[in-house]
Amino acid sequence: MTRLGYQIPNFTYPGVSDADLFATVAAQASAADRSGFDTVMLMDHFYQLPMLGDPDSYMLECYTTLGALARETKNVRLGALVTGNTYRNPALLAKIITTLDIVSGGR
C-alpha cells in the first residue's frame, strides 16, 4: 500500500541542459527515496500534457526512465501512473515490466 507517493509529471527544468536532464530527474527520485516516500511514479505519454507544458517539451519514455531510476534508488517502488495500452505490443510490455522487476529487485 502506498502511503506517500512522488510523481514526476514534467521533465522541463529551467536552466537544465539536455545533458543534465536525467541527472535532475534522478536527483528527485533519490531525494524521494531518502525522504521516506513509498513510490516514485512517471507518466506514460508520448507528449507532455497540455495543462503541464508545451507538446515540444521533453517527455522521457516511462519504462526506460524507471529502469534507470532503479539504479539511483534503493527502497521506493517504481511504477507508471497509467500505461498506454496501445503504445506497445502486449508481449513486449510484459517483457519490459518483468525486466524492470528484475532490475529493480522487485520494486
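This is a predicted model: local features need pLDDT of at least 70, side-chain atom pairs count only at pLDDT 80 or more; totals for chains, interfaces and linings use all residues.
Residues are numbered from 1 along each chain as its sequence is written, and side-chain values use heavy atoms, without hydrogens and water.

Along the sequence the protein follows the pattern β-α-β-α-β-α, with helices (H or I, at least four residues) and strands (E, at least two) taken as DSSP runs numbered from the N terminus. The radius of gyration is 14 Å, close to the 13 Å that the globule rule gives for 107 residues, so the protein is as compact as a globular protein of that length; the radius is taken over C-alpha atoms, and the rule is 2.2 Å times the number of residues to the power 0.38.

Two aromatic pairs occur in the structure, a pair being rings of Phe, Tyr or Trp (its six-membered ring) with centres within 6.5 Å, stacked if the planes are under 30 degrees apart, edge-to-face if over 60 and tilted otherwise. One of them joins Y6 and F37, whose ring centres are 5.4 Å apart with planes at 75 degrees, so this pair is edge-to-face. Both residues are listed below by relative accessible area (buried under 20%, exposed over 50%, partly exposed in between; 1.4 Å probe, protein chains only).

| Residue | Relative accessible area | Class |
|---|---|---|
| Y6 | 24% | partly exposed |
| F37 | 22% | partly exposed |
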